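Hello,

Here is the structure I promised to pass on to you. Please open it first, and then read my notes below.

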Amino acid sequence: MNESKEVVITSRALALISHKLKTPLSIINGYSEAILSQSKKEKFSPFTSKALEEINKQGSRMSLLVDKLMSFNKVTSAETEGIEKQPVYLKNLIKECATKAISQEEETAVPEPSQEDATIKRGTFVEIDCPEHLNVTANEEMLRLCIQELLANAIKFNNKMEKIIKVQCANHGDSISISVRDYGAGIRPQDVNQIFEPFYQVDDYFTGQISGWGLGLPMVKRILELHNGSISVVSDRGLGSIFTINFPVL
Ligand SMILES: Nc1ncnc2c1ncn2[C@@H]1O[C@H](COP(=O)(O)OP(=O)(O)O)[C@@H](O)[C@H]1O
Ligand SMILES: [Mg+2]
């Protein structure tokens, strides 16, 4: 079988698998939501409540995984000429993406052992430094996927109680950059190029517990290719990372 035929079949298989998973998952999630809201009126046993919460959380995680598979598939099969572009204002978009990334993290995070020390600051804070009217000409849905993925990674690969993420946008005349900086796990030099390969996850830091497919950064890279842009990373193990995406000014 030639390579392009194989790519088409793989892409169809991924689309089919994700669609087939989506329907039963939305039923599981819908019912678990309904029973959970009922549990606020009726008194369920601690075991039942715990089990329900767990079903709900794992259902949300799985939905997120399926959505990611679908987005990756859509983006890999897109062609540069076929995508619609329009001016997108960055500041608002980044704010929306930050709110979503934080709420998704809260919904799906594995609970940490409880710490009673009230002096420890905790929470995720996204600081945005972006000129009010700065915009890029891009496919809005794809740009949103890029920013959300970089923010989700900045939150996920960081086990600090207080997570600070800084997003900075800049106009360089012929290009516009958006950088996402975190102070989390960081990446070793030998892993830096690999993380853009599909299904690659650096696994020693989180002892096999990493959620996700290892498809986020390859998806972001592909989106930048579709826009004739680029992505780069500067990272220090233990100190954090800065991912920068660049869009040409059209
Ligand atoms: N901000 C970050 N800090 C530390 N490691 C990161 C960061 N972003 C990505 N990585 C590493 O790159 C790998 C690939 O990222 P990604 O493609 O988004 O996949 P996923 O999020 O599904 O693991 C991650 O598993 C992680 O090891
Ligand atoms: Mg990711």
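How many residue pairs are in polar contact between domain 1 and domain 2? The count is three, with both residues at pLDDT 80 or more; a polar contact is a pair of N or O atoms within 3.5 Å, and within protein one must be able to donate a hydrogen and the other to accept it, while residues adjacent in sequence count only if both atoms are side-chain atoms.

Some background before the rest. This is a predicted model, in which local features need pLDDT of at least 70 and side-chain atom pairs count only at pLDDT 80 or more, whereas totals for chains, interfaces and linings use all residues. Residues are numbered from 1 along each chain as its sequence is written, chains are lettered from A and ligands numbered from 1 in the order in which they are written, and side-chain values use heavy atoms, leaving out hydrogens and water.

**The two domains**

Domain 1 covers 3-76 and domain 2 covers 86-248, with bounds from an automatic or database domain assignment. Their C-alpha centres are 23 Å apart. Twelve residues of domain 1 and 19 residues of domain 2 make the contact (heavy atoms within 4.5 Å).

Two salt bridges cross the interface (a side-chain nitrogen of Lys or Arg within 4 Å of a carboxyl oxygen of Asp or Glu). Lys68 forms a salt bridge with Glu149, where the closest N and O atoms are 3.0 Å apart.

**The ligand**

Around ligand 1 there are 22 residues, of which Asn153, Lys156, Gln201, Gly214 and Leu217 come nearest (near is a heavy atom within 4 Å). For Leu217, a backbone N or O atom is 2.8 Å from an oxygen atom of ligand 1.

Enjoy exploring!
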